[in-house]
Amino acid sequence: MCLAADIPLIESGTAGYLGQVTVIKKGVTECYECQPKPTQKTFPGCTIRNTPSEPIHCIVWAKYLFNQLFGEEDADQEVSPDTADPEAAWELSDAAARAGASNEDGGVKRVSTKDWARSTGYDPVKIFNKLFRDDIKYLLTMDQLWRRRKAPVPLDWAEIEKFETSTSLQHAGASQVGLKDQQVLDVKSYAYLFARSVDHLKARLAEKGDGGELIWDKDDPPAMNFVTAAANLRMHIFSMNMKSKFDVKSMAGNIIPAIATTNAVIAGLIVLEGLKILSGNLKQCRTIFLNKQPNPRKKLLVPCTLDPPNPSCYVCSIKPEVTIKLNTQKISIQVLQDRILKDKFGMVAPDVQIEDGKGTILISSEEGETEANNNKNLSEFGICNGSRLQVDDFLQDYTLTVTLLHSEDLEKDIEFEVVGDAPEKAPQKPNEEDGKAITDGKAITNGSDDGAQPSTSKASEQDDVLIVDSDEEMPSSSGAETNMDSRGLKRKLQDEAESVGVKRICTEQEEEEDDVIALD
């Protein structure tokens, strides 16, 4: 909206001890979409269901289990052993046969996890033994999976009740040293917690009546207890160190701790950049990174010059264009409108016209005009590999040209893929290495763990980011020319003196010193 209204935007974000502030101005600086964003990390279904190797795999499985038992069922979130796992059989044909058998089961009617749980009256013991004993024993029959891995160890409720707890805990709610949510309990305590949470969620589901569903929420204690218990029991089965409820909640809810001092520093920097804009000194605005550790110059705050717009950006370039790879025979007009244009590209009321010489209207923002097209596939309108669409969003004064590439090789569960075409001539970014060295080119945004890794103060990573105090500044133009000339001369001297180790070292040191950037 700021780009459409040509209003400067001060964009910022924090992630733990890290933070960043930058200014976005139409036609002057990069916008938020000028640099590609990393895709959200996903895990293969066979890893979640058959061979978890990290705690996060067990936590994802536990969240899937919550939905299978109490929430909206999703075929892609199945929790039972995956008999079609290609790694479980030596021959591909054998894997295909297993997949077919898993769907047929010799004529035995298959029921969903929720239907089975209902048939047991949501009995916690039966659910426990099915998930943590019977399913694990079935996994052990896939002996190919365990030739190079440690095999899982099934848990039986009757055996668990004979366990002696490592502390005085007989129930998960008993007191222990330290904060309650940061305690790691034993297997017996997690089994009891699992049973109690199942009973609690069963009662809540009954209150909603037939067809009712629960929604998992990290801030809902019974739901969080269920996921914590189920995940830890599975971690124990697969020989992993169990996690506290606090740790499970952080991973399950994608939580990055908020640090008050970080937010205060970034808020102050936002105000400083705002003052520059209000006083008409946009050229003095900077992108500023806040690091966890000081760099070699003992600086926590590292300012960098603002990068110019990316000429190939589909949002802020003069003639925005984007290329999308999809299957034109499977993607419907409804998916194009909702998932691609609105969700991916942030449009509000798009009008879509095919560039076929006829001006065929594919989608209209006027209600009722093109609703008959919604369930039709793109190929039914003659759209094929290389077809171009003209998309207008009048409400945002935004026009986008979309080139479609037909592909039948997209990965499973991926409906489309935005293809990033690099510009013919990359824009000049003189401070790109200096500025991006701090966060490896990743801007930090709220709610994202991208770039939330602790930064370090190793000279090998940051020694060419040098902060120049105001009393040390040099005129940028003449300084740049002098540096360029001196660099060229020193490179020649270095080539001529390669055989002399001492001279080479001196030359390299002098070249490093020339990487000083004058900043306001």
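**Close-up views of a predicted model**

**View 1. Lining of the second largest cavity.** Six nonpolar, one polar and three charged residues make up the lining of the second largest cavity. The model shown here is predicted.

**View 2. Crossing of helices α8 and α9.** Helix α8 spans residues 187–207 and helix α9 spans residues 221–237; their axes come within 8 Å and cross at roughly 140°. The crossing of α8 and α9 is left-handed. On the α8 side the contact is made by V187, Y190, A191, L193, F194, S197, V198, H200, L201 and R204. On the α9 side the residues are P222, A223, N225, F226, T228, A229, A230, N232, L233 and H236. Sorted by class, the residues in the contact of α8 with α9 are 13 nonpolar, six polar and one charged.

View 3. N67 lies in helix α3, which covers residues 55–70. N67 counts as buried because its relative accessibility is 18%, and buried means under 20%. Leaving aside residues up to four places away in sequence, N67 touches E72, E73, Q77 and K114.

Definitions and conventions. Residues are numbered from 1 along each chain as its sequence is written. This is a predicted model: local features need pLDDT of at least 70, side-chain atom pairs count only at pLDDT 80 or more; totals for chains, interfaces and linings use all residues. Side-chain values use heavy atoms; hydrogens and water are left out. Ala, Val, Leu, Ile, Met, Phe, Trp, Tyr, Cys and Pro count as nonpolar, Asp, Glu, Lys and Arg as charged, and the others, Gly among them, as polar. Axes are lines fitted to C-alpha atoms, for helices over the stretch in contact, and angles run from 0 to 180 degrees between N-to-C directions. Helices (H or I, at least four residues) and strands (E, at least two) are DSSP runs, numbered from the N terminus. A crossing is left-handed if the near helix is turned anticlockwise from the far one by less than a right angle, and right-handed if clockwise. Contact means heavy atoms within 4.5 Å. Buried means under 20% relative accessible area, exposed over 50%, partly exposed in between (1.4 Å probe, protein chains only).
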